[in-house]
Amino acid sequence: MVERPETRVLTGPDLKAFYKALSNPVRRDILSYLGEHGEANSTSVAKALGESTGTTSYHLRKLADLKLIAEIEERSTGRERWWKSLMTNIFTPPGLEMTADEREAAVKIGALKMTHDLSLVVRAYAGYDASEGWNQIYRAGLRMTKEQVAAFTEEYQALLHKYASEPGEHPPGARQMAVRMVVLPDDGRGAAPLVDDV
């Protein structure tokens with residue numbers, strides 16, 4: 001089991017910087033690559049992504065500025081710098097005081113995530129029969145107190161970390177899996193909760 005990463009709480013200014021950084025698809029691809037392979041230099045990232053080493057070097061430094069990746073100093077020599085992913089649990093607390101432009105950045109980050117998540121859901125349903133069990137879809141609804149929601153979320157995070165592996169040290173046959181959880185009050189405007197809805 002992987003050691004659970006420290007929770008990193010984002011401030012309003014952090015959200016602006018994250019949106020600026022993560023709105024760039026090359027940076028998102030670099031993060032995915034490092035999450036899969038563990039360690040890389042600008043040359044290996046450039047080759048994998050079909051970019052120039054100058055481009056990947058620039059974006060790697062920008063991701064390091066945000067502390068999403070870190071240089072592996074013992075592997076870096078001269079101009080060749082090696083990088084690793086910093087597995088981080090990033091969290092924006094509810095009720096965070098933000099300026100108007102910080103709030104706009106938070107909404108835009110949410111929209112980026114939701115666009116990606118919606119495409120995952122469509123793929124999960126479209127490929128369900130052919131997935132040979134890799135695609136799992138489960139929906140549920142239940143009554144919970146706010147304290148139970150907090151406990152449920154904590155247990156969910158612990159369960160994820162039970163099955164996580166270090167970047168570059170994945171077990172044979174492992175595939176990158178997209179796992180999402182959204183917990184919110186259902187005020188009755190939507191359809192009735194469905195269980196095992198495929």
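**Entry 1: Tyr156**

I began with Tyr156, which lies in helix 6 (residues 146-163), where helices (H or I, at least four residues) and strands (E, at least two) are DSSP runs numbered from the N terminus. I noted that this is a predicted model, in which local features need pLDDT of at least 70 and side-chain atom pairs count only at pLDDT 80 or more, whereas totals for chains, interfaces and linings use all residues. Residues are numbered from 1 along each chain as its sequence is written, and side-chain values use heavy atoms, with hydrogens and water left out.

I then looked up the partners of Tyr156, taking contact to mean heavy atoms within 4.5 Å. Not counting residues up to four places away in sequence, Tyr156 touches Val179, Arg180 and Met181. The C-alpha atoms of Tyr156 and Met181 are separated by 8.7 Å, although these residues are 25 apart along the chain.

**Entry 2: the chain as a whole**

I listed six helices and five strands for the protein chain, and from the N terminus on I read the elements as β-α-α-β-α-α-β-β-β-α-α. The C-alpha atoms fill a box of roughly 60 × 45 × 30 Å, taken along the principal axes.

Of the 198 residues of the protein chain, 22% count as buried, the term meaning under 20% relative accessible area, with exposed meaning over 50% and partly exposed in between (1.4 Å probe, protein chains only). The accessible surface of the protein chain comes to about 14100 Å², of which carbon and sulfur atoms hold 54%; such areas come from the Shrake-Rupley method with a 1.4 Å probe, and for residues only the protein chains shown count as cover. Among contacts in the protein chain between residues at least 6 apart in sequence, 68% join residues at least 24 apart.

I next followed an open sheet of three strands, which has the order 2-4-3 with antiparallel pairing; two strands pair if DSSP finds at least two bridges between them. Strand 2 and strand 3 stand at the edges, each with a single partner strand, so one side of each is left without a neighbour in the sheet. The twist averages 35 degrees from one strand to the next, with axes fitted as lines to C-alpha atoms (for helices over the stretch in contact) and angles running from 0 to 180 degrees between N-to-C directions.

Which residue of strand 4 stands opposite Glu39? I found Lys84 there, in the antiparallel pairing of strand 2 with strand 4 (residues 82-85), which extends over three bridges. Strand 3 (residues 69-71) is also joined to strand 4 by three bridges, and these two run antiparallel. On that side Ala70 stands opposite Lys84, while Ile69 stands opposite Ser85.

Leaving aside neighbours within four places in sequence, I found Asn41 in contact with Leu60, Glu80, Arg81 and Trp82. The side chains of Asn41 and Glu80 make a polar contact at 2.9 Å, that is, a pair of N or O atoms within 3.5 Å, where within protein one must be able to donate a hydrogen and the other to accept it, and where residues adjacent in sequence count only if both atoms are side-chain atoms. At the start of helix 3, a side-chain oxygen of Asn41 also reaches to within 3.1 Å of the backbone nitrogen of Thr43.

In helix 3 (residues 42-49), I recorded Ser42, Val45 and Ala46 as the buried residues. Seen down the axis of helix 3, these buried residues fall within an arc of 100 degrees, so they line one face of the helix; the arc is that of the directions from the helix axis to the C-beta atoms. An α-helix has 3.6 residues a turn, so residues three or four places apart point the same way. The buried residues of helix 3 pack against helix 2 (25-37), strand 2 (39-41) and helix 4 (53-65). Just after helix 3, I noted that Gly50 takes a positive phi of about 70 degrees.

Lys67 is found in the loop between helix 4 and strand 3 and is exposed, with a relative accessible area of 55%. Glu132 lies in the loop between helix 5 (100-126) and helix 6, and is likewise exposed, with a relative accessible area of 75%.
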